[in-house]
Each structure stands twice: as structure tokens, then as C-alpha cells.
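Reader: I'd like to learn how to read a few features off a model. Could you walk me through them?

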Amino acid sequence: MLSVLSALHGQPNLLQLHVGGNSLADTNGAQPSLALAGLLNTARKMEQLSLGGTGVALAAFESLPPHALKQMRALDLTGVQWGPQIVRLLAACGALTSVSLADGAASLAVMQRTPFLTQLFAHATHYASLDLDLSAGAEGTALLPELLPALAQGGCTSGLTMRASRLSDHLLILLLQQLAAVASSPAHAASRARLRSLTVDSNLPAILSYGQGAFDEGTSASFLEQDAATGGAVADAVSSAVLRSVASGQPPDSLAVGEALRGATGGGRGSLVQTLAVTVPAGVVAGQQLQLASPFGGHVIVAVPAGVVPGAVFHVQVNGGPGAQQLGGLLSAPPQDHVAFGYRLAVCEALGQLLRAAPSLQRLSVAGDYSPSGGALPRSPSLAFGPLLGVFFRASIASNRSLEFLDVSANGLGDAGIAALGQALRTNRTLTALRIDRNRAGASGLNTLKIALNGNKKVVDLPMPDDDIAEALRVQSHAYKQSLADELFARRVVKSAYRGRFCDEAIKQRGLDQLRGAKRAQAKAR
């Protein structure tokens, strides 16, 4: 590479240089870093520079004068060690819109990270539109304690990316809250670099396996249904209990979180079970049935208890819906499950707080890391949000007036989460681009989204969820083949009912019932 860089010295009109993946480390007397420095001093029209994975020495940037690369727009320094020379390189660039410093945190001592990041953010805020990639892989958890004070002191760029950093729920809440505090500060409001883009992968470390305990998909979907019936009061109570503990710096009180969840069955506006006082009308006797309006919508039928006379009052409990019973497993789960469930709800609330604090935010990505394999969507070792992200859709996306791009792909939303997104799109009128693939959505969820989009003329960029459609077709194909086999079996049952002139009506009726069920299954699978 030394000879290539030397040959390019006579190219002052060079616009792009992509040498990522090639070794530029100084070894055996060769000094490609100095050759690169000489090239950068002459190629003043360069717009894109990619040095990812080259191991280039920071000495390459030391001699750069301010604004030497006035037209530089994109810098890829993935894997390049961090140091003050990187800030000097940024100072030499005049029109930056994208800088990647991913996977470089480990190269800098812990004590030096906060001063470096503070200086980096302070300089990056000079750019009106700069997307800074600080993805740190396994180092993300270790980096965040140094990143938070740097954000508080140096401000924030207009775009921040932290992919695959495996931040826990607790750390992600702290990051979102710090960004919200920066975005709502007067200094940030007056800055050119207002927060416009945030990418945080939702590959949160799995607390529990999907399909077990608090994060069972059916349980999460039932929670969504019941929380909607209470106007979001249950989710508010649970997330508030967790956020209070985060603010105090103490671990969440599992008893407080559990009580907030059990409050869903104990009365009040957040209750999933309501107690109604019923006055017996005149002329009604014990044993007769009364039709009452349910506080959850619709009607319920109750019988007047024995010994109750007209004019007397009796009390009856009304369940919030069929999903309320499914929450029984969650309500009786161990305390650690309550905390895990509450944490995930608190992340949704922190996302909502950021949207409210940063009216300039236009792009948000919380994509997960599910990937198709063998015709199925495997359960990832990372949990992502699951259907609970529907709480964020309902409480924040529905009323948001700034967000234009939303990526929630690979989050395991399921039909319930996709339906909640569709419901939010009925009132949201700013989103123009969506990414929703690899969310374990079936035909029911996708059809709900399609119906919701019929009244939304703003969304113009929505790629087909190919992986989810392929999985839905696979499931429906299996169901159709099974229904054909069931039809054949039912016809054999009907035929077996006839023995000569004798017909066993019971067997015949059973076969006909099975035949009708198989036909219904075929129609549904089509």
C-alpha cells in the first residue's frame, strides 16, 4: 500500500479514497501513515476517506492544518485507535456529514475516554448535520459510563449511532434520558447540531428466553390489550416504578414493580378487573339476569344473587377481557420476571420521553438482530423489544409530529405489536418511511397494518416485509396441506358410517363436522 499511496501524491483532484481492510500499520521501516499524511495534505478536494480496519497510526493526522480538507464529507475510521489526532482530523474537514469511529474505544485507556469524547462532541457540534457512529460492539457496555458525562459536557451531534453495543435495559435508559436532557437544554436549542437521527440497535441482552416467563409472546400481547383498555395506566405505573429507581441510582425494587403490576387487578383506573355496584331494579327477583354496561366496552350479563330484593345493592367483578386471564402467569411470576418486564416497559417510556424532548428528531432506528434461517425466524439470543414496543407506538408515535423515518425491524413484534403500529399510523401524519420486516408477523398482523395504511397517505417508503411474508406463506402452506389431509380423513369417517343398508348417524355426524372444519381451515389458509 505504501507504493500506491506514494503514487497518488500527484493527484490533487482525488475525490475518494477507499483503502479499508488493507494494512497501513508502520512496520519494518515502512511508514504508510506518513505517506497517507502527505497525500491528505495535497488532495484538498477529497470528499470520502475510508480507513476502516487499516490500523493506520494517528501520526498520519498530526500535520494536517485546519480546514485542509474543506470538501470532506464522509470519514470511515472504523477500528482506528482513538486519540486527539482524530479531533484534529475533524477540524481539518469542512463539510462532514458522516464519521465512523466504531470499534475504537478499546484502544484508549478508560481514564482518557471522557476527555476525548467531550472534546469530540464539542467539535462535532459545529457541523449542522453530522452522523457520528460510536458503535462499540462488546465494548458498548464499558463505554457508556464515559459517554454519558461527555454528552452532558460537550453536547450532542445531529446524529448518533450505536449498533450492536449490547446495552442492557438499564444503560439504554440512561443513554436515552441523557440525550433527552441534552436535547431539551437551551444550549442545544441554540446549536446548529440539533439531534435529528438516532440509531440504537435493540439487541438488548436476553433476560429471559422468548416463549418463557414474563416475555412469553402471548403474555406480552395480552398485556398490550389490557393496557389499552385502561388508557395506558398500567404501563405508566410499572415503568414509573422502574424509572424512579434508575433516577435514584438504586436497583429496582422488585416488590414495588410487582405491586404496580398487581395493581392491574386491584382496582382503580389502572385495573384489569373492575368492581361494579348494581342496584336491583323494581320487579326483578333473585336469579334473574341483568345486562350491564362494561367499563371495558360492550356488555356483561349478571345474575341477581339469592336473598337480594329490589332496591338493594350488590357488587360484581367485571374482567377486563379474555386476555386478562393470560396475565395470571405474569402476575404470579417471580420478582426478577417483574423487574425484567418493567425494565422493558421503562425503555419504551424513555424512548417516548426522548421524542417529546427532541422535536427535531427525524430518524429513529431501534432495529433488532433477528435473521431468517431455514425458512423460519429463529429466536435470537438477544430478545429485542417484542410486542411490548406497542406501548411506545400507542403512547408516542401516534401523536408525534417530527419523526419521518422509523426502523423497528427484527424486534419480534408479532401480530399484536404490528397491529399497535398500524393503530398509531391512523393518526400519525409525519412518518414517510418505515422498516418492519423480520418481526414474526403473520397474515393477521400484516393485514391489520394494510387496513391502517388505507387511510394514511404519508407513508411512501415501506419495503415489502419479505421474510415475514415468506414465513407466513410457509405456515399457511402447512396449514392448507394439513386441512387437505383432514378433509380426506373426514370423508373416510363419513364413508365408514355406512354398513350395507345401515347408517350410524353419530359417526356420520362426527365426520360431517370434521369435514366442515377442514373446509373452513382450507378457506382460511387460502
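Reader: Let's start with polar contacts: which side chain does the side chain of Ser409 make a polar contact with?

Author: A polar contact is a pair of N or O atoms within 3.5 Å; within protein, one must be able to donate a hydrogen and the other to accept it, and residues adjacent in sequence count only if both atoms are side-chain atoms. Here the Ser409 side chain pairs with that of Asp407, at 2.7 Å. Bear in mind that this is a predicted model, where local features need pLDDT of at least 70 and side-chain atom pairs count only at pLDDT 80 or more, while totals for chains, interfaces and linings use all residues. Residues are numbered from 1 along each chain as its sequence is written, and side-chain values use heavy atoms, with hydrogens and water left out.

Reader: Is Ser409 buried or exposed?

Author: Buried means under 20% relative accessible area, exposed over 50%, partly exposed in between (1.4 Å probe, protein chains only). Ser409 has 7% relative accessibility, so it counts as buried. It lies in the loop between β13 (405-407) and α15; helices (H or I, at least four residues) and strands (E, at least two) are DSSP runs, numbered from the N terminus. Leaving out residues up to four places away in sequence, Ser409 touches, among others, Ala367, Gly368 and Arg435, where contact means heavy atoms within 4.5 Å.

Reader: And where does Thr432 lie?

Author: Look in the loop between α15 (414-425) and β14 (433-435). Thr432 counts as partly exposed because its relative accessibility is 29%. Beyond four places in sequence, Thr432 touches Glu404, Lys458, Val459, Val460 and Asp461.

Reader: Now the sheet: in what order do the strands run?

Author: Two strands pair if DSSP finds at least two bridges between them. In this model, 10 strands form an open sheet with parallel pairing, in the order β1-β2-β3-β4-β5-β6-β7-β12-β13-β14. β1 (16-18) and β14 stand at the edges with a single partner strand each, so one side of each has no neighbour in the sheet.

Reader: Could you zoom in on one pair: over how many bridges do β3 and β4 pair?

Author: Strand β3 (residues 74-76) and strand β4 (residues 98-100) pair in the parallel sense over three bridges. Within that pair, Leu75 stands opposite Val99 in β4.
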